[in-house]
Amino acid sequence: MSGATQTRRQFGDGPLSRITSRVYILLVVELLLLLTTLPALLPLLLLGRDPSNLPLAALLLVPVGPAISAALYALRHQRTDLTDLRPATLFWRGYRANVLGVLRVWVPTLLWLTVLAVNLAYRGAVGLSSWWAVPLVLIGVGVTLCAANALVITSLFDFRTRDVLRLAVHFLVRTPGVSVGNALLLAAAAGITAVFSEAVLMLLASIAVLAYLRISEPMIHLIRKEFTS
């Protein structure tokens, strides 16, 4: 019995096994991300890049928040042992558990960013001077980075929404490396979209979520250590 257990452990712990399991996990998570977002994102790909389409684009992005949350949950809780791979089960578990909490963060974030983007795009029509572009962009970056923290916290911990937002703002300053890393990740995503298309970014979604999770590890560690029993 001990020999069989040792063989099973070695089978799941070797370098090739770990690489294979990580590739499998990322592929499954990628397929599930596409499954849960494609019905909304396909129309988004057909939209022109006119500022008048910003509200509709925000509406189509609503399903993306819960999907990213479920992917974060699955990638965080999945072991790499080939004998215990359950990324799909973990994805749907995270989706069901967190969808309402995520939407309470995600929808207001999209609303705020849409208002800022519309005002930025039509600042001349609404009577804003050109210098307003700088504070509007800075506010948009701040809202996005706070939302990035809040999405991770909501996905991996069980806090009230107001506590999630407080922690998100708190760790925006306390873990500047996380904020800088998320800003760079968002810049890379924007660059991929600008140079190629949203479709390419969608195909790299699981890798992007994994990078997002790794960047957030210092914040996750401190929350687990200081704010959970």
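Before you start, note that the model is predicted: local features need pLDDT of at least 70 and side-chain atom pairs count only at pLDDT 80 or more, while totals for chains, interfaces and linings use all residues. Residues are numbered from 1 along each chain as its sequence is written, and side-chain values use heavy atoms, with hydrogens and water left out.

**Stop 1: Thr-154.** Select residues 133-156, which make up helix α6; helices are DSSP runs of H or I with at least four residues, numbered from the N terminus. Thr-154 sits in this helix and is buried at 8% relative accessibility. Buried means under 20% relative accessible area, exposed over 50% and partly exposed in between, with a 1.4 Å probe and protein chains only. Now show what surrounds Thr-154: leaving aside neighbours within four places in sequence, Asn-98, Gly-101, Val-102, Val-105 and Val-164 are in contact with Thr-154, where contact means heavy atoms within 4.5 Å. Its side chain also reaches the backbone oxygen of Ala-150 at 2.8 Å.

**Stop 2: helix α10.** Next, select residues 205-215 and colour Ala-205, Ser-206, Val-209, Tyr-212 and Leu-213, which are buried. Look down the axis of α10: these buried residues fall within an arc of 115°, so they line one face of the helix. The arc is taken from the directions from the helix axis to the C-beta atoms. Their cover includes α2 (15-46), α4 (64-77), α6, α8 (176-195), α9 (198-203) and α11.

**Stop 3: Ile-223.** Move on to α11, residues 217-226, and pick Ile-223. Its relative accessible area is 0%, so Ile-223 is buried. Beyond residues up to four places away in sequence, Ile-223 touches Ile-153, Phe-157, Phe-159, Phe-171 and Thr-228.

**Stop 4: aromatic pairs.** How many aromatic pairs does a search of the whole structure find? There are six; rings of Phe, Tyr and Trp (its six-membered ring) pair if their centres lie within 6.5 Å, with planes under 30 degrees apart stacked, over 60 edge-to-face and the rest tilted. Trp-131 is exposed at 53%, whereas Trp-132 is partly exposed at 33%.

Then select Phe-171 and Phe-227, an edge-to-face pair at 6.2 Å and 75°. Phe-171 belongs to α7 (residues 161-174) and Phe-227 to the segment after α11, so the pair ties together parts 56 residues apart in sequence. Phe-171 is buried at 0%, while Phe-227 is partly exposed at 38%.

Finish at Phe-91, Trp-92 and Tyr-95, which ring pairs link into a cluster.

How values were computed
Helices (H or I, at least four residues) and strands (E, at least two) are DSSP runs, numbered from the N terminus. A polar contact is a pair of N or O atoms within 3.5 Å; within protein, one must be able to donate a hydrogen and the other to accept it, and residues adjacent in sequence count only if both atoms are side-chain atoms.
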